[in-house]
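The sequence and structure come next.

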Amino acid sequence: MKTGEPLITINGFKLNGAQSMTVRVAIESFVVMLQEDGLGDDDHGKKMVKLYLDRIEEIRKLMYR
């Protein structure tokens, strides 16, 4: 059954639609937290936010293609 959710496999186990939705929502919630709260005002925190958002964008491209 197609749920519209991305197909996600973890350690060889294919997640069902509800599990995939949970991962997707967790990623999107993390994005909001990073954008609103960041990880500190120092250079390291700002760099970590950028790197996380860059990796999430890569994941999004895979999930939504």
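Among what covers the buried residues of α1 is α2 (43-63). The model is predicted: local features need pLDDT of at least 70, side-chain atom pairs count only at pLDDT 80 or more, and totals for chains, interfaces and linings use all residues. Residues are numbered from 1 along each chain as its sequence is written, and side-chain values use heavy atoms, with hydrogens and water left out.

Helices are DSSP runs of H or I with at least four residues, numbered from the N terminus. Helix α1 spans residues 17-37, which is 21 residues. From first C-alpha to last it reaches 30 Å, close to the 30 Å expected at 1.5 Å a residue, where the expected span is 1.5 Å times one less than the number of residues.

Buried means under 20% relative accessible area and exposed over 50%, with partly exposed in between (1.4 Å probe, protein chains only).

| Class in α1 | Residues |
|---|---|
| Buried (under 20%) | Gly17, Ser20, Ile27, Val31, Leu34 |
| Exposed (over 50%) | Ala18, Thr22, Glu36, Asp37 |

The buried residues of α1 line one face of the helix, because they fall within an arc of 125° seen down its axis; the arc is that of the directions from the helix axis to the C-beta atoms.

The largest nonpolar core has six residues: Ile27, Val31, Leu34, Val49, Ile56 and Met63. Such a core is a set of buried Ala, Val, Leu, Ile, Met, Phe, Trp, Tyr and Cys residues joined through side-chain atoms within 4.5 Å. Both α1 and α2 give two or more residues to this core.

Definitions and conventions: Contact means heavy atoms within 4.5 Å.
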